[in-house]
Number of protein chains: 2
Amino acid sequence: MGEFELIARYFNRPARRSPLGVGDDCALLQPAAGMQLAVSTDMLVEGRHFLPTVDPFRLGHKALAVNLSDLAACGARPLAFTLSIALPLADEAWLDAFSRGLYALADANECDLVGGDTTRGPLNICITVFGEVPQGEALLRSGARAGDDVWASGTLGDARLALEAFRGTVRLSGDAFAAARERMEAPTPRVALGIALRGIATAAIDVSDGLVGDFSHLLRRSRVGARIELAAAAKLLGASREAVGEEERRIELALSGGDDYELAFTAPPSARADVQGAGERAGTRVTRIGSIEAEPGLTFVDAAGRVVPRHFESFDHFAA
Amino acid sequence: MGEFELIARYFNRPARRSPLGVGDDCALLQPAAGMQLAVSTDMLVEGRHFLPTVDPFRLGHKALAVNLSDLAACGARPLAFTLSIALPLADEAWLDAFSRGLYALADANECDLVGGDTTRGPLNICITVFGEVPQGEALLRSGARAGDDVWASGTLGDARLALEAFRGTVRLSGDAFAAARERMEAPTPRVALGIALRGIATAAIDVSDGLVGDFSHLLRRSRVGARIELAAAAKLLGASREAVGEEERRIELALSGGDDYELAFTAPPSARADVQGAGERAGTRVTRIGSIEAEPGLTFVDAAGRVVPRHFESFDHFAA
């Protein structure tokens with residue numbers, strides 16, 4: 001199977017929402033009047049972002065999911081994406097499953113594959129996504145204000161828990177492992193929530209390298225600080241709530257786990273009912289976990305409001 | 001140096017032509033009224049698309065150049081790009097030179113780096129470019145009509161000649177090697193020519209895998225064939241004209257060399273003066289090398305118009 005047959009067989013379907021899709025030098029996109037185009041890109045490397053043993057259907061899903069999660073954090077509606085992929089060889093069974101996983105999530109988000117590149121090399125998947133957002137309504141990292149509430153969507157910590165189980169540092173029951181592994185390998189991007197939060201949230205970011213680390217980026221861009229209630233954050237735990245005995249370790253999983261693809265966001269206290277309503281419309285749980293403060297930095301407090309000295313590591317691909 | 005410091009130091013400059021650049025979950029692009037957004041992506045893998053010994057400044061240039069070449073083939077004006085890069089380690093001297101090469105070409109094309117991703121892994125560079133083209137004016141592969149002339153820009157064959165010199169299959173003088181290597185490592189995307197050909201060319205494609213192979217894609221999309229004059233094609237040779245003795249081998253270099261990043265395009269005979277004028281405005285030589293025929297397929301003819309049986313291989317990353 002040659003390069004062009006590979007593309008024709010697995011990665012070429014008619015674009016439904018774009019003037020021109022796969023098969024020319026460029027794809028053509030046409031945002032509707034008054035819309036801005038939100039763009040994000042993520043590269044996934046075997047052994048770093050996924051295990052060599054991963055089901056290729058799930059890998060196709062995840063490669064697109066992590067990109068859609070960035071659109072979600074901006075409140076953008078998915079429109080299209082490009083896929084560049086380096087493959088050590090053209091394995092038909094692998095390509096069939098990978099492309100099915102990719103298209104299943106693309107179809108669920110009405111998002112067209114409009115172009116890409118295929119080459120031989122160590123397995124590497126680079127997707128660039130495009131979404132539409134009304135001009136001036138994109139959720140940015142820079143909009144948090146002192147007094148805002150801090151919120152997080154869904155559950156946190158399970159993807160990291162699954163990774164630790166693969167590494168052998170924790171032992172899980174079959175059910176807990178299956179639930180955690182599902183969260184690691186098939187995360188659900190919070191696209192509907194991001195769109196529902198337009199006009200409500202003041203700032204948002206997607207949680208991919210751990211809540212504390214990612215939220216710190218939002219704080220720096222907004223030039224504010226935050227106080228996180230550890231007891232509230234503990235409510236964010238998923239399967240890890242039952243699976244990990246030690247309270248400290250559970251909270252660490254929730255706050256610095258990574259690979260969660262949830263949204264962390266801020267909104268004024270006057271918008272609490274609106275935030276809850278947005279979560280309900282999107283079918284995604286939202287949990288209030290703290291508040292924004294004028295003073296930069298991130299502090300953690302116990303149920304009585306006392307500051308608890310804690311330090312959480314964020315994931316860094318080039319950390320020493 | 002951590003991941004975020006690496007981005008801040010080498011890959012974060014203010015966007016001048018986009019509402020939002022590096023540093024949020026998404027970049028925001030706003031095509032002007034009446035404009036479509038042309039999108040293309042290319043992935044470069046060490047050992048396949050470039051040699052491990054390449055000067056990183058030139059690699060930065062080339063990684064963007066091969067993408068801009070796709071915009072050129074659509075007649076789109078560059079606007080922005082994203083960069084995803086997997087690096088085996090964060091080598092400051094390498095990153096400094098790579099980013100300078102990248103920005104030099106970006107600046108020459110008034111094109112902003114608006115986002116990206118940085119990870120550790122086998123060296124892999126994935127760029128996605130965005131350009132603007134007035135609605136309905138993009139040059140497509142599908143517009144060639146029987147009777148059109150076939151044209152190519154610049155010179156062909158030198159990049160492949162340099163590769164063969166590196167491989168030791170040809171011996172070149174110092175000057176010929178330097179000229180050929182410059183074409184292999186620092187190709188000039190024909191952006192100005194692509195824009196100048198709007199409304200003149202009926203179809204266009206960029207030549208990256210060899211003229212014959214790439215032009216065959218254009219023919220298939222246009223459902224036509226072509227007759228190429230070997231003597232005219234021989235005029236496309238660059239340094240290889242002097243450096244390679246055998247006529248057959250020289251023509252093979254021009255027609256199937258690869259890595260040229262020139263444009264092949266079609267236009268009606270009535271537009272010959274317009275095509276020449278577009279080449280002059282863009283400062284790029286244009287050469288007429290054949291004509292489009294209704295019958296599918298590609299044939300080669302000698303100076304007397306007699307069909308010459310020839311077969312040229314095109315580059316295929318997954319060919320057996």
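**Domains, helices and the chain contact**

The C-alpha centres of domain 1 of chain A and domain 2 of chain A lie 26 Å apart. This is a predicted model, in which local features need pLDDT of at least 70 and side-chain atom pairs count only at pLDDT 80 or more, while totals for chains, interfaces and linings use all residues. Residues are numbered from 1 along each chain as its sequence is written, and chains are lettered from A and ligands numbered from 1 in the order in which they are written.

In chain A, domain 1 covers 3-134 and domain 2 covers 141-301; the bounds come from an automatic or database domain assignment. Between them, 19 residues of domain 1 are in contact with 18 residues of domain 2, contact being C-beta atoms, placed from the backbone, that lie within 7 Å. On the domain 1 side, the elements giving two or more residues are α2 and β3 of chain A. Helices (H or I, at least four residues) and strands (E, at least two) are DSSP runs, numbered from the N terminus. α2(A) gives the most to that side, with twelve residues. By class, the domain 1 side has ten nonpolar, four polar and five charged residues. Here Ala, Val, Leu, Ile, Met, Phe, Trp, Tyr, Cys and Pro count as nonpolar, Asp, Glu, Lys and Arg as charged, and the others, Gly among them, as polar.

Next, what does α2(A) pack with? Helix α2 (residues 56-74) of chain A packs with helix α3 (residues 92-108) of chain A at an angle of about 40°, their axes 6 Å apart. The axes are lines fitted to C-alpha atoms, for helices over the stretch in contact, and angles run from 0 to 180 degrees between N-to-C directions. α2(A) and α3(A) are therefore oblique to each other; under 35 degrees counts as roughly parallel, over 145 as roughly antiparallel, 65 to 115 as roughly perpendicular and the rest as oblique. Residues in this contact include F57(A) and L64(A) of α2(A), and W94(A) and F98(A) of α3(A). By class, the α2(A) contact with α3(A) has 13 nonpolar, four polar and two charged residues.

Last, the other chain. 55 residues of chain A are in contact with 55 residues of chain B. β2(A) gives the most to the chain A side, with nine residues. That side has 27 nonpolar, 16 polar and twelve charged residues. β1(A) and strand β2 (residues 35-45) of chain B pair in the antiparallel sense over three bridges; pairing needs at least two bridges found by DSSP. L28(A) has A38(B) as its bridge partner in β2(B).

How values were computed: Contact = placed C-beta atoms within 7 Å.
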